[in-house]
Amino acid sequence: MPPSRERPPFTADERTQLVTWLDMQRAIIHWKCEGLSEQDAHRAVLPTSPLMTMAGVVSHLRWVEHTWFEVLFLGRPAEGPQFLDEPEDAEMRVDGIPLAQLLAEYDRQCAISNEIVAAHSLDDVGRHPDFRSAAASLRWMLIHMIEETARHAGHLDAIRELLDGTKGYY
C-alpha cells in the first residue's frame with residue numbers, strides 16, 4: 001500500500017518532515033502508474049532513452065532505495081542489478097516483469113527503508129567500507145532520496161503525458 005500524497009505538518013519534527021516528504025514522493029510514483037496498461041508501462045517514449053519507461057523508472061527507484069539504505073548506510077553486501085558491470089542500467093531492464101510486481105517490490109523496499117530510518121539517528125553515518133558515499137549521514141541520505149524520487153516523479157509525469165495525455169501533480 002503506497003503512502004499518502006499529503007505533505008507533512010508545517011511544525012512537525014525533522015524526522016517526520018523528511019520521511020513524510022519522501023513518502024509523498026513515493027506515493028506520487030504510484031499515482032503516475034495508476035491505470036496504465038502493461039504495454040504502456042514498458043513503452044519508451046524518449047528516443048534517446050529507451051530504458052526510461054514507467055516500469056524501468058519504478059525498478060530503478062526500488063534499487064536506489066536498496067543501495068542507499070541497505071548497502072551504503074547499513075553496510076550490507078553490494079548486491080543487485082545496479083552493481084553489475086554489464087549491461088549498463090541493468091536495474092531498468094524490466095521487459096516481461098509486470099508493473100504491479102515492480103510496484104509491490106518498490107513498496108516492500110520502501111518499507112524496509114523506513115524501518116532502517118526509524119531505527120537510527122539522523123546523525124548516524126553509513127557503514128559500507130567500499131563506497132565514499134557511505135560517509136554521508138542518514139539525514140543527508142534522506143534528503144538525497146527526496147531529491148532522487150521527486151526528480152523521477154517528474155520524469156514519470158512527462159512520460160505519462162506522452163503515453164496517454166494524463167497529467168497532474170499532487
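This report walks through a helix, a histidine and some aromatic rings in a predicted model.

## Ground rules

Numbering starts from 1 along each chain as its sequence is written, and side-chain values use heavy atoms, with hydrogens and water left out. As the model is predicted, local features need pLDDT of at least 70 and side-chain atom pairs count only at pLDDT 80 or more, while totals for chains, interfaces and linings use all residues.

His152 belongs to helix α5, residues 138–164 (helices are DSSP runs of H or I, at least four residues, numbered from the N terminus). His152 comes out buried at 7% relative accessibility (buried is under 20% relative accessible area, exposed over 50%, partly exposed in between, with a 1.4 Å probe and protein chains only).

Skipping neighbours within four places in sequence, His152 is in contact with Ile29, Val57, His60 and Leu61 (contact means heavy atoms within 4.5 Å).

## Aromatic pairs

Searching the whole structure turns up two aromatic pairs (ring centres of Phe, Tyr or Trp, using the six-membered ring for Trp, within 6.5 Å; planes under 30 degrees apart are stacked, over 60 edge-to-face, the rest tilted). Trp68 and Trp140 make a tilted one, at 5.5 Å centre to centre and 45° between the planes. Trp68 is in helix α3 (residues 54–73) and Trp140 in α5, so this pair ties together parts 72 residues apart in sequence. Trp68 is buried at 11%, whereas Trp140 is partly exposed at 44%.

Phe83 and Phe131 are also tilted, with 5.8 Å between centres and 50° between planes. Phe83 sits in the loop between α3 and α4 and Phe131 in the loop between α4 and α5, so the pair links parts 48 residues apart in sequence.

Methods:
Helices (H or I, at least four residues) and strands (E, at least two) are DSSP runs, numbered from the N terminus.
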